[in-house]
Amino acid sequence: MNSLRHDWTRDEIAALFEQPFNDLLFQAHQLHRRYFDPNRVQVSTLLSIKTGACPEDCAYCSQSARNAAELERERLLPLAEVVEKARAAKHNGASRFCMGAAWRNPTDKNLDKVIEMVEAVHALGLETCVTLGMLTQQQTQRLKQAGLDYYNHNLDTSPEYYGDIITTRTYQDRLDTLTHVRDAGINVCCGGIVGMGEQQDDRISLLQQLANLPQHPESVPINMLVQIEGTPLHGVEKIDALDFVRTIAVARMLMPASTVRLSAGRSEMSDEMQALCFFAGANSIFYGDKLLTTTNPDENQDRKLFARLGINQDTVEQAQVSAA
Ligand code: SAM
Ligand code: DTB
Ligand code: SF4
């Protein structure tokens, strides 16, 4: 197998993007087949364990206290409710359960509670993932000991566009958290959002940041902005569907051994657009009718789509073998 590269230049990435669509998809798909079964998709289910009232000012997010989105806030959910949701997710075929909290960072007391959740979900035989904001080195070590498999922390956009989207934490803060997660031996889930009014150069630069990390994230979520009323990004120009597919294809080419997740935004995608994304190299989705605060296609719709495409879902066992 080719060795993985961490020295991509912007010009090289731009050249990948600028190819004719068929050439790009052909190359991305070929590489995809070299590393993965093209007919297998990993499925994760998301649960918001603490919703809203977040002190951060992320311009896309319904949960920022500074945005005017209508949202029912919720305190940290009780353990029993989380376990019940995780059991249902497993029953529906998810192999990973991802818990998200609207925090800038968890307090150590909050982390105690999350650790109980991670242990309980792990005990159900599911892979575990959490996204809690910034973490210290000590906090990542505690999560690792609890059996956490993945930590999601996105770079969100390019360093150049970042200041237009978030001002309450820096790009470097994000990179520091990613280093702590990596150093603790937890799998890294890190990607971004497109369709936030960014330029093609920003997509190139975001993917360059991800691909040139010392180790590629094991999981790379590519979110298409879910526009939420009351947030500053509501009404921003949407990304062209084929440009979105190109972004998936380039992510696949830069990080060929990573799982690329067709993440938020699927409710607005046609089956045909999703099919192109799977061909271009996406091999993971969020499964279940809710993301954190917004809707996702329901499981029946996804089952039908997988059946039409001849795609199989990863079972928990298969997911664990591929992650090993
Ligand atoms: N509060 C934590 C943090 O930001 O690190 C964890 C939860 S946060 C909601 C997780 C990620 O979801 C964000 O980094 C962002 O990439 C993605 N996200 C949030 N709102 C979104 C939206 N409206 N559309 C697409 N992706 C979104
Ligand atoms: C990721 O990259 N996308 C997920 C997960 N990681 C936590 C979140 C998507 C959120 C979409 C908007 C919402 O439902 O609030
Ligand atoms: Fe808070 Fe995370 Fe939303 Fe930003 S993305 S406002 S940190 S919940």
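A polar contact, as I use the term, is a pair of N or O atoms within 3.5 Å; within protein, one must be able to donate a hydrogen and the other to accept it, and residues adjacent in sequence count only if both atoms are side-chain atoms. Keep that in mind for the ligands.

This is a predicted model, in which local features need pLDDT of at least 70 and side-chain atom pairs count only at pLDDT 80 or more, while totals for chains, interfaces and linings use all residues. Residues are numbered from 1 along each chain as its sequence is written, chains are lettered from A and ligands numbered from 1 in the order in which they are written, and side-chain values use heavy atoms, with hydrogens and water left out.

Searching the whole structure gives 1 cavity of 30 Å³ or more. By cavity I mean, on a 1 Å grid over the protein atoms alone, a set of points where a 1.4 Å probe fits but cannot get out; lining residues have an atom within 4 Å of a point. Points are joined across faces, edges and corners, and a volume is the space filled by probe spheres set on the points. The largest cavity holds about 850 Å³. Its lining has 39 residues, with Tyr 60, Cys 61, Gln 63, Asn 154 and Leu 292 nearest the centre. Strand E2 (96-101) and strand E7 (219-224) each give at least two residues to that lining; strands here are DSSP runs of at least two residues, numbered from the N terminus.

Ligand 1 first. Around it are 16 residues, and Ala 101, Thr 131, Asn 154, Asp 156 and Val 226 come nearest; near means a heavy atom within 4 Å. A nitrogen atom of ligand 1 lies 3.0 Å from a polar backbone atom of Val 226, and a backbone N or O atom of Tyr 60 is 3.2 Å from a nitrogen atom of the ligand. The side chain of Asn 154 places a polar atom 2.9 Å from an oxygen atom of ligand 1. Alone, ligand 1 exposes 560 Å², and the protein buries 90% of that, using Shrake-Rupley areas with a 1.4 Å probe.

Now ligand 2. Taken alone, ligand 2 exposes 410 Å², of which the protein buries 88%.

Last, ligand 3. The residues around ligand 3 include Cys 54, Cys 58, Cys 61, Trp 103 and Arg 169.

How values were computed: 1 Å grid on protein atoms, 1.4 Å probe; cavity = no way out; pocket = protein on both sides within 12 Å on 5 of 7 lines; lining within 4 Å. Helix = DSSP H or I, 4+ residues; strand = E, 2+ residues; numbered from the N terminus.
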